[in-house]
Structure formats: structure tokens, C-alpha cells
Amino acid sequence: MAQAVDICVIGGGIQGAGVAQSAALSGLSVVLVEKTGWAAGTSSKSSKLIHGGLRYLETLQLGLVRESLRERRTLLKIAEDIVKPNWFYLPIYKNSRHRVWQVRLGLLLYWLLAGWNNHGAFKTLPQAKWEELEGLNTADLKHVFMYQDAQTNDAELTRRVIASAEEHGATLLCPATFLSAEKCPEGYMVSIAINRQITTFKCRRLVNAGGPWANQIADSIAPKPPIPSVDLVKGTHLQFTEQLSPRCFYLEAQHDQRPVFVLPYQGGTLLGTTETIFTGDPDQVNPDSNEVDYLLETLHYQFPHFQYKPVNAWAGLRVLPAGHTDAFRRSREVQFVESDDYLAIYGGKLTVYRATAHKAVEVLLRSLQLADAATRPNMKPDTAFEIADTAQVKL
Ligand SMILES: Cc1cc2nc3c(=O)[nH]c(=O)nc-3n(C[C@H](O)[C@H](O)[C@H](O)COP(=O)(O)OP(=O)(O)OC[C@H]3O[C@@H](n4cnc5c(N)ncnc54)[C@H](O)[C@@H]3O)c2cc1C
């Protein structure tokens, strides 16, 4: 690669995949670098929901919820075989954190933000039907709401987006570890290791989509780009071979009334998640026994008969703004850090990867076009591209 590529994206999770796809479709030359495997990081360890995020209404993240619900609608169309709608059952007990009227109001708002569409509709499950709910504890149960969201296979979704990026011209390097980058006149000189061999190439713009590793990556760039203050928040899931239900349940944890999902998953059940601050190396994140106990306590209170042992447990890391409040109360909006031919993507959601990628490529294109205009004022810029509409691209 003697000539500088337009964009080098580090990180083959959903964010890196989205940017690579959107940039390639928009006509830019792109290299995507992933050290372990596609979706090996957080993007295979999420709750696998394509959702508006009902709980974010409580912290008034209305813009994010509206954007997520719009993206849900798009993904249900372009990835219909892996993004499937399902009913979520939300039981309200006497001691639940929210009153029935508050949840009804939240669901109404959720429906309005979804644009009054079918998938936003919600209902009440009549008491006579509570016994159909797979043994749900009905002591002190006051109300059961039903609303729709969608489930996916997060790793498969990421792989499909990457395949689409490749189809539109992106070069994929995996396993390939980003080692360092140094500023050069064209942009950056990047060093990567493939099978212990070090390769260098130039790129005009460098995108750090390293998820929980983003600050480690930023540390290896010279001059050092701005490093935002973030916390890594660990979320653990448990997998059971046995299926509790084909429906999804939105429960409240016994311990601290946080939301916990019980979801049908690969013919069995997925239970999660937790939220605890993590300070170690992202390569070494694992569930711990307190998290397993916390999740099982919630499950056993609400489904006392479901006493099977989990066959698998894993943990992933969210990147959230640093702070002293509960992780639950912190913004889930993506954060961009831009400087000198560099763009880093911190946080965000699987559901809105397309919208995030669109915003990132907008920033990159603008900066490439400005650079072309500055160096060759009388010539047509090389990067006179329009951003492609990925909502039209089937996955
Ligand atoms: C427990 C949990 C549950 C969640 N549930 C949901 C949900 O249900 N719905 C939803 O919308 N969102 C959910 N999210 C959020 C969503 O999963 C994340 O926002 C998203 O997966 C982050 O993707 P990413 O590409 O930024 O990071 P990652 O997927 O972690 O990707 C970063 C990649 O960078 C690679 N990398 C690191 N260092 C290097 C290097 N030196 N060289 C090359 N590659 C490198 C890593 O191997 C990794 O593959 C959840 C998050 C968590 C933690």
C-alpha cells in the first residue's frame, strides 16, 4: 500500500464495522484492522437487543431513544432474518420501583417516539392470563405490561456489516494488531502486526473504534490525541440450555431494582445484565461470583421453579462517561473525539451503529474535502463523495 488509504479503522466490533461499511459505500478507500476476531469484544457480549431502550426514558435520553427506535425499524427491514421482533413482558409488583401509571406513561412515550408504529404498541396482559407466564411469581403482582422490541445475534450482525464493507471495497485485516501510529504529511503512518510480522502503511484519517481498548490505542498514537475521561462498566450474562420461555421478560433485580432481562436464546435462555465498574485490562474481563449470585437471585425470586445451572457466563465492557453516579444514570450516547486527522468513537449502542457510522463518515468526509480544497484550490477534490445511505443496503 504505497499510496495513503483514505481511512484506517482500528477495531472490528460493530462501530468499526459500521464506519468501514459506510465509508466504503461512500467511495472512500478503507482498511479495517482487528486483532482477535470480528466482534470478539463487546459486540458479541451484549444483551443482543435491537431496542429503543425503555429504561433510558427514566434518565430523559429522549433523543437516543427516538434514534434507536428509528434504527430498530430500519434493521427490522434490512436484516430481517437476524433482527426479529418479540414481545417483552414487564411485571409490576407491589414493591416495584415504578408505579403502574408511571410505566404506562413510559410505554406511551415509547410508542410515540417510535412514531406510533406497530412495533411500538403496548398492552396489558389480563390477570386471567398470568398463569400462562411460565410460572412467574404472582405474589404481590399488580400488573403485567406487554410491549415489543427486537432481538438479534450481535456477532452475526457485525460480521454481516463487515462482509458488506468488503463487498464495497474495504480491505479487511484480521487477525492484525494495531501497534502504533505517527503523524506524517499525508495523515498517519500506521504500524500493525500480522503473524508477528510488522507492516506499515499510510492513511489520511485514522479512526479509533477500539471500544474498551480505545484509550490503550490512543496511548500508542503520536502525538497523543485527547483522551476523554471514561469508565469501563462490566456487564455479565448467564446462558442456560433450558428454555424458560419463548417470550422476553423485563424484570427488576431483587437487590437494587435495576432492570434485568430474561431472554430466549439459542433454544435456551439468556439472563443479564449487571453493571459494575471495571479497572483492569479489557483482555482479562470475566464474570465474578457476586454477579452470578445477583442474577440468579433475581431469576429465582421471579421464576422459583427455574433452578437449572447456567452452562456459560461471559462479561463485556461498556464505555461510559466517567462519573460518580450509578452507571445506569449515565449517558449512553456515543462520544466522538476529533483531533488532527483522528477520530475516536467512545461508547454508543449496537442498535444505533448505522446512525453513528453515518455521523462519523460525515466528519471524515468534511475533513478530507477541506484538506483537498486547501492543498489544491483550483482542482476538483478527490473526495467529492456523498455519504451513501446504508438503510438501502440489505445485510
Ligand atoms: C453487557 C452489555 C450489554 C449490552 N447490550 C446491548 C443491547 O442489548 N443493545 C444495544 O444496542 N447495545 C448494547 N450494548 C452496547 C453495545 O454492545 C456496544 O456499544 C457495542 O458492542 C460496542 O462496539 P464497539 O465496536 O465500540 O466495541 P467492541 O465490540 O469491543 O470492538 C472493539 C474491537 O477493537 C479490537 N481491538 C482492540 N485493540 C485492538 C488493537 N490494538 N488492534 C486491532 N484491534 C483492536 C477488539 O478486539 C474489539 O474487537 C451492551 C453493552 C454491554 C457491555
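Visitor: Let us start with H1 and H7. Is their crossing left-handed or right-handed?

Guide: The crossing of H1 and H7 is right-handed. A crossing is called right-handed if the near helix is turned clockwise from the far one by less than a right angle, and left-handed if it is turned anticlockwise.

First, some ground rules. This is a predicted model, in which local features need pLDDT of at least 70 and side-chain atom pairs count only at pLDDT 80 or more, while totals for chains, interfaces and linings use all residues. Residues are numbered from 1 along each chain as its sequence is written. Helices (H or I, at least four residues) and strands (E, at least two) are DSSP runs, numbered from the N terminus.

Stay with H1 and helix H7 (residues 353–375). Their axes come within 8 Å and cross at roughly 55 degrees. Axes here are lines fitted to C-alpha atoms, for helices over the stretch in contact, and angles run from 0 to 180 degrees between N-to-C directions. H1 and H7 are therefore oblique to each other. Angles under 35 degrees count as roughly parallel, over 145 as roughly antiparallel, 65 to 115 as roughly perpendicular and the rest as oblique.

Which residues meet? On H1 they include Ile14, Gln15, Gly18 and Val19. On H7 they include Tyr353, Arg354, Ala357 and Leu364. Two residues are in contact if their C-beta atoms, placed from the backbone, lie within 7 Å. By class, this contact has eight nonpolar, six polar and one charged residues. Ala, Val, Leu, Ile, Met, Phe, Trp, Tyr, Cys and Pro count as nonpolar, Asp, Glu, Lys and Arg as charged, and the others, Gly among them, as polar.

H1 has another partner, helix H4 (residues 154–167). The axes of H1 and H4 are 8 Å apart, at an angle of about 25 degrees. That makes H1 roughly parallel to H4. Their crossing is left-handed. Ile14, Ala17, Gly18, Ala20, Gln21 and Ala24 of H1 take part in the contact. H4 brings Leu157, Thr158, Val161, Ile162, Ser164 and Ala165. The class count for H1 with H4 is eight nonpolar, four polar and no charged residues.

Now the ligand. It is surrounded by 37 residues, and the closest are Gly11, Gly13, Gly41, Gly211 and Gly235. H1 (14–25) gives two or more residues to the shell, as do strand S8 (177–184) and strand S17 (312–321). The shell has 12 nonpolar, 19 polar and six charged residues.

Step back to the domains, whose bounds come from an automatic or database domain assignment. The protein is divided into domain 1 (5–42 + 155–229 + 332–392), domain 2 (76–151) and domain 3 (230–322). Domain 1 and domain 3 both give residues to the shell, so the ligand lies between them.

Domain 2 meets domain 3 as well. In that contact, 12 residues of domain 2 face 14 residues of domain 3. Strand S4 (residues 83–93) gives the most to the domain 2 side, with five residues.

Finally, two peptide bonds deserve a look. Cys174 and Pro175 are joined by a cis peptide bond, with omega about 0 degrees. Pro175 sits in the loop between strand S7 (171–173) and S8. Another cis peptide bond joins Ala222 and Pro223, with omega about -5 degrees.

Definitions and conventions. Near = placed C-beta within 6 Å.
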